[in-house]
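The questions below go through a structure step by step. Each answer ends on what was asked for.

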Amino acid sequence: MTDSGIDQQSVQTWLVDKFAMRLEVPAEQIDVNMQFSDFNLASVEALLLAGELEKWLNVEMQPTSMWYFPTIHELSNHIVDDLLSH
Amino acid sequence: MKAEKFSAVFEVNTSTHAQETIVCLHPGGVSSKHYNALVDSPNAQLLVVELSLLPQYQLTMTSHEENTLKYSMDDIVNEVYSQLQKYLNKTCQKVTIIGWSFGGVLGYALADRLTIPCQLVALDSIAPLKQNQHCTEQVAPSIVYKWFIEFISAVKACELIIETPYSSYTQDEFVAMVFEHGLAQGIFKQFDTLNGVNKLFETFALGLKRNMLLSARFFPKPQPDLNILVIRSHSGLQEISAYPNCIGWSKLSSNVHIVNVEKDHYALFTDTTSLATIYGAISVFSQLRLRRTNGLLNKISRLFNK
């Protein structure tokens, strides 16, 4: 957990909820280990989401982040371990 | 590096004994699913290359501040060539490369690299010439703003109408205006945010800059015998005054034909009428034998430029 009290689980839950909203499906249907490319989420929607995430956590994500960390689980870990801890 | 596990090549249509392969080089922006309509050519193998999955493309530039490119056109074409080798049928005797925008420039480089006879469809793509360099090295913010509006309209399948003059706006002012108008016109949803639209614009501008720098620093030799079909949008990204019709391709090949379609650079991919014209032109073009066939080229002209 970071100083701000945000841990991997809270980031993951946030992402799951946002994906569910944009895909218009229940959150239970979002597999955190599924590759982003396998969600039927247009790249434009993913970028809109990334901007929202940056604002929430006050971090800057590289354009390649969702490419290097291609699942909700991996991206959550990256955000907490690499971005929020610095 | 995790990126290495990705393959950028997707075999959309498998035809084991096909003698022709269609390779679509897709630089991103709009969905590559539009190429799927090409599977109407059942006798051709169809491969789509998602350039965004290539490390050499994706990591070429990750910051606006830098003007140096981590990778060159040669690096990218070598990677595409290498990945294609795993997919190309042994029976393949002809490759039709379809490249939209930057994909057309990369397609020209790939045609030179492949040993199998090729032809190129340059889909609203500006030829990589020194004379065009000024058009691709630096672009005014107001032009990027215009392209972004066209891009949003295409990917959201709804024209974003902005009547306010915005050419003197700062980036922040412009993005805020796009967000406001997009929300009012139902293009953005209530749960979308200004930060999200800002991220979208930043990434759009970064990708544009990368593609322009790669093109501006690539000076290929002519391939006089390469058949090139240039498909031009109603209003391309740049007007090339020196070559108003062929966008410069006739300087690289003596076998160039031009087809015009309605709609802009982005909408030509999402508009059904434009797509029908494009697929029709490609269908006729792919029947070309790999030598000069002016009769057939004239037929294309009559069909699509009435």
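Q: How many helices and strands make up the secondary structure of chain A?
A: This is a predicted model, in which local features need pLDDT of at least 70, side-chain atom pairs count only at pLDDT 80 or more, and totals for chains, interfaces and linings use all residues. Residues are numbered from 1 along each chain as written, chains are lettered from A in the order written, and side-chain values use heavy atoms, without hydrogens and water. Helices (H or I, at least four residues) and strands (E, at least two) are DSSP runs, numbered from the N terminus. The elements of chain A run α-α-α-α from the N terminus on, and the count is four helices and zero strands.

Q: What percentage of the residues in chain A is buried?
A: Buried means under 20% relative accessible area, exposed over 50%, and partly exposed in between (1.4 Å probe, protein chains only). Chain A has 86 residues, and the buried share of them is 51%.

Q: How are helix 5 and helix 7 of chain B oriented to each other?
A: Axes are lines fitted to C-alpha atoms over the stretch in contact, and angles run from 0 to 180 degrees between N-to-C directions. Helix 5 (residues 141–155) and helix 7 (residues 194–216) of chain B pack at about 115°, with axes 11 Å apart. Angles under 35 degrees count as roughly parallel, over 145 as roughly antiparallel, 65 to 115 as roughly perpendicular and the rest as oblique. Helix 5 and helix 7 of chain B are therefore roughly perpendicular.

Q: Is B:Q223 buried or exposed?
A: B:Q223 sits in the loop between helix 7 and strand 6 (227–232) of chain B. Leaving out residues up to four places away in sequence, B:Q223 touches B:Y108, B:A111, B:D112, B:L252 and B:S253. Its relative accessibility is 12%, so B:Q223 counts as buried.

Q: What is the relative accessible area of B:L69?
A: B:L69 lies in the loop between helix 1 (55–58) and helix 2 (73–85) of chain B. B:L69 is partly exposed, and the value is 22%.

How values were computed:
Contact means heavy atoms within 4.5 Å.
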